[in-house]
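Subject: Structure for your files

Hello,

Here is the structure I said I would send.

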Amino acid sequence: MHLLAVDDEPAILDLLELLITQDGRHTLSKAPCVVDALGVVADPDGQPIDCFLVDIQMPGTNGIDLCHILRDRPDHQLTPIVMLTAMSDKASLDQAFAAGASDFIPKPFDIDELRQRIALIESLVAKSEMPSTDTTPPDAETIAAGGDGPLPLDVQFHPQDIDGVIDHRALQNYVAVMARKKVFGSAAFAIGINDIADLHARCTAYEFECLVTDICEAISVLLEGHQFLVAYTGNGEFLCVVEDGWRSGFDQIGQRLQAILQRVDSHFNDGRPMNVTATIGDVTPFEWKPGSTGTEALVAALESARRKRLDENDGPEESWPGKASASG
């Protein structure tokens, strides 16, 4: 695996090079600023970058801006970006993940923790577990022939370029960082698409990806003006992490979401309306008990949305696929 470290401190770059390359399995390029980093990325003779290690606070363009730049490039929309920074306040944490960061390790970093994170990223890259989010429409002949087969319902993918919407794995990492730092004042809730199994069965892969994208855009509009992060977790479910103090009027949020979904007006390729409705679960605050990783709140949020969906729609439990799991 080839990594690019971007930091304005030469000592940090040298330490990272020593730690990452000493076993001979990985290689590392170094850049002292964003401009140099982009030069490395654009070098046609350079090695492809499998992972970025990025400082936030640097002269000129900062690391969060670099995240935005990289995520705007088709070849790096899914490349892991790990923030290594002394800026460990919640505002920096939120901005980094909202910009597209995959993980966050505070300085001074723990050497064993860094190695564990690199090993995890290596396994994900090697197994190609980062799902494709190619939303290029199939051509007319493919649609007419029905050749665009269904996307598996449990596939987690990340619709791009929607404010506050991030990869599911990145959301888990965000919550884990909050747990380690014991950052209070945040909560989770989940949203589930009703009749998802039937709706999915009638969708092509492209139609279903468009549907999930529409839902993500609706949630982003719903939460506009609040600090939030959203991830699609597969199975027609969406996890939202929000500031706990935003809950005023939460009892009307379902009606507001449904009104937004009606304006979005999702359709099948042949023009038929999908008539999408969704159910919102209860808000679950994060409570940092000993050994907590935040996963408990995510699971509770998913389970609440599923229970409400079953109660409101009076459907059989097996119609809501899978079992609530923060990891999908």
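The notes below go from the whole chain to single residues.

This is a predicted model, in which local features need pLDDT of at least 70 and side-chain atom pairs count only at pLDDT 80 or more, while totals for chains, interfaces and linings use all residues. Residues are numbered from 1 along each chain as its sequence is written, and side-chain values use heavy atoms, with hydrogens and water left out.

Overall

The protein has 11 helices and 10 strands; these are DSSP runs, helices being H or I of at least four residues and strands E of at least two, numbered from the N terminus. Of the 328 residues, 51% are buried, where buried means under 20% relative accessible area, exposed over 50%, and partly exposed in between (1.4 Å probe, protein chains only). The exposed surface comes to about 15,000 Å², and carbon and sulfur atoms supply 50% of that. Areas come from the Shrake-Rupley method with a 1.4 Å probe, and for residues only the protein chains shown count as cover. Among contacts with a separation of 6 or more, 72% are between residues 24 or more positions apart, a contact being heavy atoms within 4.5 Å.

Strand β1 (residues 2-6) and strand β2 (residues 27-31) run parallel and are joined by 5 bridges; strands count as paired if DSSP finds at least two bridges between them. A5 stands opposite K30 in β2. Between the two strands the chain passes through helix α1 (residues 10-21), and this β-α-β crossover is right-handed. Right-handed here means that, with the strands pointing away from the viewer, the path from the first strand over the helix to the second runs clockwise.

Aromatic pairs

There are 3 aromatic pairs. The rule takes rings of Phe, Tyr and Trp (its six-membered ring) with centres within 6.5 Å; planes under 30 degrees apart count as stacked, over 60 as edge-to-face and the rest as tilted. F97 and Y174 are edge-to-face, because their ring centres are 5.3 Å apart and their planes stand at 70°. F97 sits in helix α4 (residues 90-99) and Y174 in helix α7 (residues 168-181), so this pair ties together parts 77 residues apart in sequence. F97 is buried at 0% relative accessible area, and Y174 is buried at 2%.

Y232 and F238 make a tilted pair, 5.0 Å centre to centre with 45° between the planes. Y232 is buried at 1% and F238 at 0%. Together with F157, Y232 and F238 form one aromatic cluster.

Around that cluster

F157 lies in the loop between α6 (140-145) and α7, and F157 is buried, with 4% relative accessibility. The C-alpha atoms of F157 and A231 are 8.6 Å apart, although these residues are 74 apart in sequence. In strand β7 (residues 228-234), 7 of 7 residues are buried. β7 pairs with strand β8 (residues 237-243) in the antiparallel sense over 6 bridges, and the bridge partner of G234 in β8 is E237. The hairpin of β7 and β8 has 2 residues between the strands, and N235 takes a positive phi near 60° there.

R272 lies over the face of F268, at 4.3 Å from the ring centre. The rule asks for NZ of Lys or CZ of Arg within 6 Å of the ring centre and within 35 degrees of the ring normal.

Regards
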